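Dear colleague,

I am passing on the structure we spoke about, and below it you will find my notes on what turned up when I went through it. Please read them with the model open beside you.

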Amino acid sequence: MTSDPKESGEFGLIDTLVTRRPHRASLYRPCRVAAGDDAALLAWLAQPVITTDTQREGVHFRRDWQTPFEIGAKAVSVTLSDLAASFARPVALFVNLGLPPTLPGAVAEELYDGLGHALERYGCDLGGGNTSRASELSLDLFAVGEGQGRMPRRTDACPGDLVCVTGPLGLARAGLRCLETQETRYPELVKAFKEPAARFDAAEVLRKHRVRCAMDISDGLAGDAGHLARESKVSLVFDLRPDMAHGALTDWCGATGEDPLAYMASGGEEYELLFACNPDTLAAIEADLPGVMCVGRVTDRSGSPLSGLPDDASSFEHR
Ligand SMILES: Nc1ncnc2c1ncn2[C@@H]1O[C@H](COP(=O)(O)OP(=O)(O)OP(=O)(O)O)[C@@H](O)[C@H]1O
Ligand SMILES: Cc1ncc(C[n+]2csc(CCOP(=O)(O)O)c2C)c(N)n1
Ligand SMILES: [Mg+2]
């Protein structure tokens, strides 16, 4: 069967895309009926956890920067990242795909190869979706997960806790800057932008240590920590030092004159987990989770919700 939508039509394309879903070997498949029927059938979930995300051409990705495979795989990681931040296991992903009429069918197929590859990696099924004509390539994604005990909340940071992250900050934002300036000497930064991971591995460690307050960093530390401080009604006092910067960020900042602290504070799309816990818990987590960093502490609310970040630190905003 041809895969060009002009020749095979919407239905042919959907068949071709759906065959790209991961083939699950596991005996336990909480997604009992996956993509292909009128609706998906999920097994009974004790704690269903649901999240949604959007990826739009020109806003979240550019086809002259990223291959369709990379765009598909990243769309899965950024959507499932919110399940990781909720300590939930991924069950099913639903994808509403907007396709410009001029887009070659092969692009949609490669996009679905990327989606399928990432779904396989995270052990998640393709529950279904929808395909329609659109002015730009876009994906609206919905994910269902299964909660594992107490869901961490943005409301639960307590004075005396430490503010921590599960990995390096600012790399993806620097990678985006490299793409914008056509700088090719820092592949590690560009990879951080193009291939973020949903940190289910880190989430499992935090869950095991009964962390009560966590979220993923999509809009940048300053913005996401601001949400956490406001929701928990506390202040966060940061202590970011240049020696906490990842080597690739330090090198790039050395060459460009950019400030590593500004990138660590105002990054975005890291998809690392930001969490708060008491010092004893952090000591135990450090033994299980290499790369975890303490970046500040939680105090009673006094004055501004955030301090210790560069003055012009800001988060990514769509408007
Ligand atoms: N249009 C909307 N209608 C209803 N709820 C919304 C809407 N936009 C956002 N929200 C809710 O507001 C909260 C914050 O949304 P936001 O998109 O900033 O989530 P996030 O996890 O911080 O970021 P990201 O989407 O990048 O993962 C979430 O609970 C989300 O479900
Ligand atoms: C072409 C292009 N330009 C800029 C960016 C940067 N960017 C877009 S959305 C976002 C925050 C998270 O998004 P959301 O809150 O919608 O999940 C960031 C940092 C990009 N990825 N691609
Ligand atoms: Mg989030």
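Among contacts in the protein between residues at least 6 apart in sequence, what percentage join residues at least 24 apart? The figure is 85%. Please keep in mind throughout that this is a predicted model.

Overall form

The protein has 10 helices and 12 strands, and its C-alpha trace spans about 60 × 50 × 35 Å along the principal axes. A compact globule of 319 residues would have a radius of gyration near 20 Å, and the protein, at 20 Å, agrees with that. Of the 319 residues, 48% are buried.

The two domains

The chain is divided into domain 1, covering 5-147, and domain 2, covering 162-307, and the C-alpha centres of these domains lie 27 Å apart. To the contact between them domain 1 brings 14 residues and domain 2 brings 16 residues. On the side of domain 1 that touches domain 2, helix H2 (residues 68-84) gives the most, with 9 residues, and the residues of that side divide by class into 8 nonpolar, 3 polar and 3 charged.

Strand E4 and Val95

Strand E4 (residues 88-99) is the element that holds Val95. Because 9 of its 12 residues are buried, E4 is largely enclosed by the rest of the structure. E4 is joined to strand E6 (residues 138-147) by 10 bridges, with the two running antiparallel, and within this pairing Asn96 has Asp140 of E6 as its bridge partner. E4 is also joined to strand E5 (residues 125-133), in this case by 8 bridges and in a parallel sense, with Ala92 standing opposite Asp125 in E5.

Is Val95 itself buried or exposed? Val95 has 26 other C-beta atoms within 10 Å, and it therefore counts as buried, the threshold for a buried residue being 20 or more. If its neighbours within four places in sequence are left aside, Val95 is in contact with Leu115, Gly129, Leu139 and Leu141.

The six-stranded sheet

An open sheet is formed by 6 strands in the order E8-E10-E7-E11-E9-E12, and its pairing is mixed. Which strands stand at the edges of this sheet? They are strand E8 (213-216) and strand E12 (306-307), each of which has a single partner strand, so that one side of each is left without a neighbour in the sheet. At the E12 end, strand E9 (residues 234-238) pairs with E12 in the parallel sense over 2 bridges, and Leu236 stands opposite Leu306 in E12.

With best regards

Key:
Residues numbered from 1 in each chain as written. Chains lettered and ligands numbered in written order. Predicted model: local features only at pLDDT ≥ 70, side-chain atom pairs only at ≥ 80, totals over all residues. Domains from an automatic or database assignment. Contact = placed C-beta atoms within 7 Å. Helix = DSSP H or I, 4+ residues; strand = E, 2+ residues; numbered from the N terminus. Nonpolar A, V, L, I, M, F, W, Y, C, P; charged D, E, K, R; others polar. Pairing = 2+ DSSP bridges. Rg over C-alpha atoms; globule rule 2.2 N^0.38 Å.
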